[in-house]
2 protein chains.
Amino acid sequence: MEGSKEFLYPVKWLSKASAGDRVASELRMRIISGMIESGTILSENKLAADFGVSRSPVREALKILAAENIIRLERMGAVVIGLTEKKYAEIYDVRILIETFVFERLVKVPTNELVMELSKILEMMKVSIKYRDADEFSYQDVLFHETIIRSINHSYILMIWDNLKPVMESLILLSMHNRIKEKYEDFTRVLHNHQLYIDAIQTKDRELMIKSLHVNFDDVQEEVEVLWMSQQMLSKGVGQEND
Amino acid sequence: MEGSKEFLYPVKWLSKASAGDRVASELRMRIISGMIESGTILSENKLAADFGVSRSPVREALKILAAENIIRLERMGAVVIGLTEKKYAEIYDVRILIETFVFERLVKVPTNELVMELSKILEMMKVSIKYRDADEFSYQDVLFHETIIRSINHSYILMIWDNLKPVMESLILLSMHNRIKEKYEDFTRVLHNHQLYIDAIQTKDRELMIKSLHVNFDDVQEEVEVLWMSQQMLSKGVGQEND
DNA sequence: TCAAGTACACTTGTATACAAGTATTATAAT
DNA sequence: ATTATAATACTTGTATACAAGTGTACTTGA
């Protein structure tokens, strides 16, 4: 069967990570992919047993996921929130918010160095595709955006990104994994979009930036939405999460 | 001597909190007030001994403060970052960013209920001043802004606020404590600013909103800057923190 | 005096143990 | 049959123990 691998998250990315980070990364992937349904109650003890670690790293992982808004810590167990359509839109909002903020900073300063860096990353992405390495491609894709955000040296904007990044990473990973098998031709478009983004930064063209930001995002979103919707089909009646 | 109280953070706010939260809250106050200098290296064991708890809650506290960008977790000890002028500006940026976002949402929906709620909080603030309760005033002040942010029901914007809130709370607490003793007349202005904010929401007047947002923030900032600068004087040569 | 190596103190990350509290289930009484 | 009470099987939060790694300081050699 397909999808029967033990871990969704690339294990090689976790070589230097703590057990807590490992659990968080894997759990995040399982939740975002829909493998763990929204509404599920996670028990520290159970997770510890499942992952073969003690409760300490599991606790740490749950704290991380709670900060990312993927689960909700309650008196009795952590309940999985998962991604609803509303949440997609919200992530979108925040990305637009911070990336436009970053762009406004960038139009005021020289960006030659950044453009160089981004071009390098784009080349890496091309190579990743050439060798059908979805993980590496995803890594570079996330790095691309992170590089832009880091370039303005704004610790609080970076803080927002740090909270958003793991979810984005998961989304991109899932999206790319799916495509590298079936919709290989999509990647030329993705690459083109990233080139547009670089051009926008180089020419300091606001409209172009917004445009490429949107297409980049929509691209990932649409693909994951399909993944996610199919999961929803399997587990009917999860319903809406009001707050 | 003045300022010789054991805890800076209002202990009554921590009745239901865990030891981890308590340590985080108090540590945050000490760092933001300048009592613990920027650059200091915090040891889990030492903190545990100081606060009379085990390492578990201390670890938890350090993770929280790291997520708030107040300390930096390194291989060997947690380094205190504290607040620089740059950081003030950054917090400012993010507050403007999210509050304007919220406002843009609010102009599209009815706000009667929210305005009622805010008016209630404003009344509470007036009472707090009448009885010289700086803690209560600070609480209501933070609640005021949180109420506005929560009203749009946006989990990711709320996430940003959750990361920003503790620092804001500390700043406001320090600011208000200082003023209630010396610059009592300031409070009429603070109240007026908040009324402006309510008016802006009621009339959906963007300019008024931005204006009141700025004065509200500047008000706190200026006061705390004085506090903080005086601390800086005492501990010369901390220097800049490059990243 | 200086360099290399070794021992030690201190660090984090993880495992385990325990206490206090909460939901659930079963039992008992009406 | 239904309600009240008690036992139990969970839960979280905290303390403690241990292992592995890192920096420091001291000793030893030249």
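Helix α6 of chain B has buried residues whose cover includes α4, α5 (112-130), α7 and α8 (186-203) of chain B. This is a predicted model, in which local features need pLDDT of at least 70, side-chain atom pairs count only at pLDDT 80 or more, and totals for chains, interfaces and linings use all residues. Residues are numbered from 1 along each chain as its sequence is written, while chains are lettered from A and ligands numbered from 1 in the order in which they are written.

**Helix α6 of chain B**
- Its buried residues (20 or more other C-beta atoms, placed from the backbone, within 10 Å of their own) include Phe137(B), Tyr139(B), Phe144(B) and Ile148(B).
- Helices here are DSSP runs of H or I with at least four residues, numbered from the N terminus.

**Where chains A and B meet**
- Chain B and chain A bring 18 residues each to the contact, which counts residues whose C-beta atoms, placed from the backbone, lie within 7 Å.
- On the chain B side, α3 (55-67), α4 (85-106) and α7 (155-182) each supply at least two residues.
- The most comes from α4(B), with 7 residues.

**Around DNA strand D**
- There are 17 residues surrounding DNA strand D, each with its C-beta atom, placed from the backbone, within 6 Å of the strand.
- Among the closest are Ser43(A), Ser18(B) and Val53(B).
- Two or more residues come from each of α2 (44-51) of chain A and α1 (19-32) and α3 of chain B.

How values were computed: Two residues are in contact if their C-beta atoms, placed from the backbone, lie within 7 Å. A residue is buried if 20 or more other C-beta atoms lie within 10 Å of its own, exposed if 12 or fewer, and partly exposed in between; C-beta atoms are placed from the backbone.
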